[in-house]
Amino acid sequence: MKNIEELKSTGLKATLPRLKILEIFQSGAQRHMTAEDVFRVLLDERSDIGLATVYRVLTQFEQAGILIRSNFEGGKAVYELNEGQHHDHFICTACGRVEEFYDPEIEKRQALIAQQKGWVVHDHAMSLYGQCAACAAKAAGAA
């Protein structure tokens with residue numbers, strides 16, 4: 001019932017595709033997903049929701065503020081639930097893993113630099129690219 005009310009509060013009707021896709025983001029182990037990732041989950045569940053519908057629902061959810069879209073290196077849009085709290089991202093260039101982090105000292109430093117330069121920052125996104133611990137360990141073992 002919670003999902004139906006959440007959709008209605010954003011002005012969206014509670015259709016089966018919308019409910020299913022919202023559930024995937026709320027209960028899935030993977031927090032950052034492309035449209036193809038969502039579609040794969042739906043296929044695994046034997047759902048008959050098509051890829052075009054997935055794209056359409058993700059766009060609607062982004063416009064309604066339910067999801068946040070990020071475009072990391074590689075050009076694919078990655079979506080995550082909008083939980084109202086700012087965070088930044090590590091992106092693994094080997095396996096594509098995305099990990100969130102928040103550091104108050106980094107946030108303070110960015111605000112100070114903006115102030116010194118006379119900028120009024122409305123929003124920002126920081127993405128750090130490298131290798132996750134698992135990929136770095138594999139690379140070290142292969143060397």
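Guide: Helix 3 (residues 35-44) and helix 4 (residues 51-64) pack at an angle of about 125 degrees, and their axes lie 9 Å apart. Helices here are DSSP runs of H or I with at least four residues, strands are runs of E with at least two, and both are numbered from the N terminus. The axes are lines fitted to C-alpha atoms, for helices over the stretch in contact, and angles run from 0 to 180 degrees between N-to-C directions. Helix 3 and helix 4 are therefore oblique to each other; under 35 degrees would count as roughly parallel, over 145 as roughly antiparallel, 65 to 115 as roughly perpendicular, and the rest is oblique. The crossing of the two, helix 3 and helix 4, is right-handed, a word used if the near helix is turned clockwise from the far one by less than a right angle, while anticlockwise gives left-handed. On the helix 3 side, the contact is made by Ala35, Glu36, Val38, Phe39 and Leu42, and helix 4 brings Leu51, Val54, Tyr55 and Leu58. Contact means heavy atoms within 4.5 Å.

A word on what you are looking at: this is a predicted model, in which local features need pLDDT of at least 70 and side-chain atom pairs count only at pLDDT 80 or more, while totals for chains, interfaces and linings use all residues. Residues are numbered from 1 along each chain as its sequence is written, and side-chain values use heavy atoms, with hydrogens and water left out.

In the loop between helix 3 and helix 4 you will find arginine 46. This arginine 46 has a positive phi of about 60 degrees although it is not a glycine. Because its relative accessibility is 75%, arginine 46 counts as exposed; exposed means over 50% relative accessible area, buried under 20%, and partly exposed in between, using a 1.4 Å probe and protein chains only.

At 7% relative accessibility, histidine 89 counts as buried. Leaving aside neighbours within four places in sequence, the residues in contact with histidine 89 include His32, Phe72 and Met126. The bridge partner of histidine 89 in strand 4 is glutamate 100. Strand 3 and strand 4 run antiparallel and are joined by 4 bridges; two strands pair if DSSP finds at least two bridges between them.
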